[in-house]
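Hi,

Here is the structure I promised to pass on.

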Amino acid sequence: MKVMTVIGTRPEAIKMAPVLRLLSSDSTLDSVCVNTAQHREMIDQVFDIFSVAPEYDLNVMKPNQSLDALTSEIITKTSSIMKREKPAIVLVHGDTTTTFSAAYAAFINQIPVAHVEAGLRTYDMAAPFPEEMNRQLVSRLARYHFACTEENKMNLQKENIDPEHILVTGNTVIDALLETIKKEFVPPSSLSSVFGNEGRMLLVTTHRRENWETLKNIYAALNRVIEEHSDVCLVFPVHKNPLVRSQVERFLAANERVHMLEPLDYMSFCHLMKKAHIILTDSGGIQEEACALGKPCLVTRERTERPEGLKTAGIKLVGTDTGRICEELRRLLTDPSHYARMSNADNPFGDGRAAERIVQFIKRKLLA
């Protein structure tokens, strides 16, 4: 039986790598991987680390490409491959343009869709944009739903999805993370000053489309807190998006304790998270990784589709208001008991066996 997996972004590649390796090693399944290359350089790094070799590379990205143009190109190209390969099932992950477009292509070709990381919800179509709409649409298109948590499963059941078609697996990002941090790691020379720093590291990532207008507020808060705490350094792998980069350079570049880095390979980033004292991010997956590593995580959003982390106190929403971000960072830097509560919070996102559960479920359904 042929299983086709369609991925295109760095987070998708990271989270699907454990699944792809199990699919490829199973003699009862024929695995075909399609890389849309929605993220070009960043996804190739992940394939190298996990020894994943896609059978198809669509190389869809063009300069200044609109979401509608990207969507139509992915639908057309993946549909063509599906007609040629005739898979028994198409596996998609998460909430990207690649995810929705591939799921829709499978639907119009009457191929069952299995959705990994299903059931995440904010129920606000503007936050995150366009991810919230993407994942809700994929839930309507998919036949099988791999939910990371019981809360995700409940979201799907409220939407009248058959519970027999939902499996709670944990998140495959924890599989990838736990495997990666076990590997021997020698920092490259370009990162020696970062890993050799004895101060408290604040690791930062920002990229959300809905935050573009308020990035300066986040960066103002970071500048203020760094100036107040001489033992704190900021490490910032800066997203490739030119709008994000221009604002980072404008508001943070002058501070000598700000280390602005190019996007890192996955292994380096995992070990940076492991070394970090606090993580501040608007990413979804990093919230889960921070909880797994016991790192307090401040989320520069007003809503999260991962409320389980809020309930265990491992993550906290801080939005993009300068004063609010400063307050929460100061509290973590000056209140040891508060820091301990966040860093010792339970991890609700997985035990490292999600990929195994997904592949076994697919085999039961396809080989029954």
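**Salt bridges and cores**

E305 is buried, with a relative accessible area of 1% (buried means under 20%, exposed over 50%, partly exposed in between, using a 1.4 Å probe and protein chains only). Before going on: this is a predicted model, where local features need pLDDT of at least 70, side-chain atom pairs count only at pLDDT 80 or more, and totals for chains, interfaces and linings use all residues. Residues are numbered from 1 along each chain as its sequence is written, and side-chain values use heavy atoms, with hydrogens and water left out.

Back to E305: its side chain meets R301 in a salt bridge at 2.9 Å, N to O (that is, a side-chain nitrogen of Lys or Arg within 4 Å of a carboxyl oxygen of Asp or Glu). R301 is buried too, at 4% relative accessibility. E305 also forms a salt bridge with R306, with the closest N and O atoms 3.2 Å apart, and R306 is buried at 4%.

Now the nonpolar side. The largest nonpolar core has 61 residues, and L91, L203, L272 and M273 touch the most other members (a core is a set of buried Ala, Val, Leu, Ile, Met, Phe, Trp, Tyr and Cys residues joined through side-chain atoms within 4.5 Å). Another core, of 28 residues, lies apart from it and includes I226, L329, L332 and Y339.
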